Amino acid sequence: MKVGIMGGTFDPIHIGHMIAAQCAYEQAGLSEVWFMPTNVPPHKQQATMASSGQRWEMVCRAVEGQPHFRPFDFELKKGGISYTFDTISLLLKEYPGIHFYYIIGADMVQFLPKWYKIGELAKLISFIGLQRPGYTPGMEQLPESLRDAVELATMPLIELSSTSIRQRKSEGRTIRHLVPDRVHEYIEESGCYGP
Ligand code: ATP
């Protein structure tokens, strides 16, 4: 079984994440994609604006009613800094029959050589890299040792980040349609990014 992991801070989850996951699912022939919010990502140690509980709620709402997508609270439950190598080592013990594909945007593809224990991690899983405006996910940027572990997939370019959504909200601008509808409802009701 081939399972994609869409990991992210998801502060908040937005349509760029959803489209990336859908394109990876289709192009790599995955059985499912699990959306896994990080607890504390190693590369962003400042606090998230929404709480872990709120980020989880938004992820659950985003994937609701889509059987090929599933919310996965593994790193939130584990707590601490979310190093992908540690997470994957545990996951492989728990799900021995699964081959995991970690889905990443082009910004993360560039950053991959710096990931904690990347050499060992690349022997355990595959990566699917997607385009993102401003970044080129080219194999030539990767050291040879990583190239076999990464496959590239295409998606319509979505010029959107969680940071830009928080920024728009703080300016009182609408974020409707930039996040899934049920996530939009939650952000409005909870006020988690301000009024
Ligand atoms: P922030 O603005 O808070 O840094 P972000 O929008 O980059 O957040 P993350 O939750 O950090 O979102 O991203 C999770 C994953 O989704 C990363 O691999 C990232 O590259 C990818 N991703 C996020 N936005 C896009 C997008 N618009 N297009 C393609 N990939 C994306």
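Which residues in H2 meet which residues in H9?

Modeller: Happy to. This is a predicted model, in which local features need pLDDT of at least 70 and side-chain atom pairs pLDDT 80 or more, while totals for chains, interfaces and linings use all residues. Residues are numbered from 1 along each chain as its sequence is written.

On the H2 side you will find Gln54, Glu57, Met58, Arg61 and Ala62, and they meet Arg182, Val183, Tyr186 and Ser190 of H9 (contact: C-beta atoms, placed from the backbone, within 7 Å). Sorted by type, the residues of this contact are four nonpolar, two polar and three charged (nonpolar: Ala, Val, Leu, Ile, Met, Phe, Trp, Tyr, Cys and Pro; charged: Asp, Glu, Lys and Arg; polar: the others, Gly among them).

H2 covers residues 52-63 and H9 residues 181-190; their axes lie 8 Å apart, at an angle of about 150° (lines fitted to C-alpha atoms over the stretch in contact, with angles from 0 to 180 degrees between N-to-C directions). The two helices are therefore roughly antiparallel to each other (over 145 degrees).

Follow the chain back from H9 and you come to the loop between H8 and H9, where histidine 177 lies. Phi of histidine 177 is near 75°, a positive value in a residue other than glycine. Histidine 177 counts as exposed because it has 9 C-beta neighbours inside 10 Å (buried: 20 or more; exposed: 12 or fewer; partly exposed in between; C-beta atoms placed from the backbone).

Phenylalanine 10 also has a positive phi, near 50°, and sits in the loop between S1 and H1. Phenylalanine 10 has 23 C-beta neighbours inside 10 Å, so it counts as buried. Proline 12 is found in the loop between S1 (2-8) and H1 too, and a cis peptide bond with omega of about 5° joins aspartate 11 to proline 12.

H1 brings us to the ligand: with three residues, H1 gives the most to the shell around it. That ligand is surrounded by 18 residues, the closest being Gly8, Gly16, Gly105, Ser161 and Thr163 (C-beta atom, placed from the backbone, within 6 Å). Seven residues of the shell are nonpolar, eight polar and three charged.

Technical notes:
Helices (H or I, at least four residues) and strands (E, at least two) are DSSP runs, numbered from the N terminus. Angles under 35 degrees count as roughly parallel, over 145 as roughly antiparallel, 65 to 115 as roughly perpendicular and the rest as oblique. Two residues are in contact if their C-beta atoms, placed from the backbone, lie within 7 Å.
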